[in-house]
Amino acid sequence: MSDSPLDWMALANKKAKGKRPEFFDEPEDDRIYSILIALVGEVSVLRTRLDTVERLLDEKGTISRDDIENFAPDREAGFERGALIREYILRVMRGPIQAMESLQEQEPPIEDVSRELKEI
Amino acid sequence: MSKNNQAPVDVAPPYQAVTRHGVSPKPSHDEAARFDFLANFNKVLSGTLGPGNKLAYDKRVLPTFKKEHGREPKDRFEIRHAMNKDPFHQIWSASKRNSMEMRQQNGRAMVLRQLDELDAKARALNESVPDTLELNPDVQVPRYQAAVDIHCMPGSYHGEERPGDVSAGANYDCGIFATTAGGLGALSDGGGAALADWIRKERPGWTPRRILDIGCTIGHNIVPVALAFPETEIIAIDTAAPSLRYGHARAQSLGAKNIKFIQMNAEDLSRYEYGHFDWVQTTMFLHETSGKALPRIIEEGYRVLAEGGLMLHLEQPQYSDEMPLYEQFIRDWDAFNNNEPFWSAMHALDLKGIMQKSGFAKEELFVTGVRAVVDRSIFPEAPTGEAEDHGRAAVWNAYGAWKGGKPA
Ligand SMILES: C[S@@+](CC[C@H](N)C(=O)[O-])C[C@H]1O[C@@H](n2cnc3c(N)ncnc32)[C@H](O)[C@@H]1O
């Protein structure tokens, strides 16, 4: 069964059957957003790896690749790493989060404020 | 776990905290970190950003709709079409769809990289107890399973990368953690664990002779029931061989030896006679069937159920006239954006009516709420209300009935 090795990297990327919905008005925006979010995920992975390295160095002063691969956070470290990821996600998702905030309160355009200030 | 004077931070448990069984894919450091990202990303999308959809609706989409049409939207579909033009909802939906696709890519990358080992482990476990796995290549994949790849899972439950493999089951198993942000517990079996708890309270001292689990996939939710009733003979059926191969191996390694996994289409249970089972159930299954198959499966289930037996279907709540249209719309997200083509129609069905048509009397029916039972010291309570991740929240309704009434 394992005589013909799988090209797993290519196969992992397989598209699911079923037409993909377009979310944005321009289809290119959908393509670019997919790249962007994948990149956001990979930066998070790098940061988590760095956290692992830091924790292992704190604990042992020197580390191997195996140490990294086999690292499993205890409960407290797991929480701290989750909080780190969450904080990171909130930072990169600032735009949509602020857009949501601005929905709560209709704000006048700055031009209007500017006109007002001239008069007071 | 929050530091003093800080609000509790809603963080997903680390993927490394999941329980590994005999056929679990082993994540590399970065593969685990990818799932950690996705689990927390999903939490932010549902908890932090989810309520923004309602705000956009109330403040922007609904007023515009009313101005254009001179009336309120008449159904969830009109709301969806209007919301799909809203910039906030667009970026939210695009984020969520990407998270689903990344979950598949990440899961497949982890599984396919080590497929030789996974297949070998599954084969060894399956060959050690050949009697409890029955595959039948004549069983066809129904159209409703083949029309699209359900929840954007390439190859769906039945796809193979090479003949006889377990890739579909392994990918399904590992990634459900990411999409539910750990809400289903260490073995993603919080629903089944809840059922086992529920029945103990509902009918103390009862040991069913035989249970039928329809559409078991890899047995996430039947294993805890099997472990709770080790004397009970359990039949778990599914049309997807790769999921059954993996599920059987997984059950062996978790010590659930009383489940027989059979490749069979639930629309035809003619192999079993009237009243063969004391308990017939589906968990998160009915929404992946079709308009004609669903009543057929319930009818067959009724037929093979014994007098005094229990039928139970665990699902996300059905839509009703009392459910606000906006909530119906947001609960419908997966239908159109995550390849769940029967989801919307299924949730609008009169399930109770269908169960009555199959033979149950109205008084025999009940609906009850079920919440995932998981190790709360590590795994989170599933949020409800606005912050709920509709479509995969770890809280369900159980649509049930006792045939001929619940025995005293
Ligand atoms: C959403 S999954 C069910 C999840 C599972 N019950 C659990 O709790 O983990 C749906 C499953 O139903 C199977 N299926 C779909 N139609 C079926 C049919 N007519 N007969 C048997 N299995 C079916 C699919 O192959 C798939 O594995």
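1. The buried residues of helix α8 of chain B are covered by elements that include α9 (223-228), β5 (277-283), β6 (305-315), β7 (365-371) and β8 (395-402) of chain B, where helices (H or I, at least four residues) and strands (E, at least two) are DSSP runs numbered from the N terminus. This is a predicted model, in which local features need pLDDT of at least 70 and side-chain atom pairs count only at pLDDT 80 or more, while totals for chains, interfaces and linings use all residues. Residues are numbered from 1 along each chain as its sequence is written, chains are lettered from A and ligands numbered from 1 in the order in which they are written, and side-chain values use heavy atoms, with hydrogens and water left out.

2. Among the buried residues of α8(B) are B:Gly190, B:Ala194, B:Leu195, B:Trp198 and B:Ile199, buried meaning under 20% relative accessible area, exposed over 50%, and partly exposed in between (1.4 Å probe, protein chains only). The helix has 13 residues (190-202), which at 1.5 Å a residue should span 18 Å, and its end C-alpha atoms are 18 Å apart, in agreement; the expected span is 1.5 Å times one less than the number of residues.

3. Between the chains, 54 residues of chain A are in contact (heavy atoms within 4.5 Å) with 61 residues of chain B. The area buried between them is about 5,300 Å², of which carbon and sulfur atoms give 66%; this is the accessible area (1.4 Å probe) that two parts lose on being put together, summed over both.

4. Three salt bridges are found across this interface, each being a side-chain nitrogen of Lys or Arg within 4 Å of a carboxyl oxygen of Asp or Glu. In one salt bridge, A:Arg49 pairs with B:Asp30, and their closest N and O atoms are 2.9 Å apart.

5. Within chain B, the side chains of B:Asp10 and B:Lys43 meet in a salt bridge at 3.0 Å, N to O. Since B:Asp10 lies in the segment before α1 (29-48) of chain B and B:Lys43 in helix α1 of chain B, the pair ties together parts that are 33 residues apart in sequence. B:Asp10 is partly exposed at 34% relative accessibility, whereas B:Lys43 is buried at 7%.

6. B:Glu267 forms a salt bridge with B:Arg296, the closest N and O atoms lying 2.5 Å apart. Here B:Glu267 is buried, with a relative accessible area of 17%, and B:Arg296 is partly exposed at 39%.
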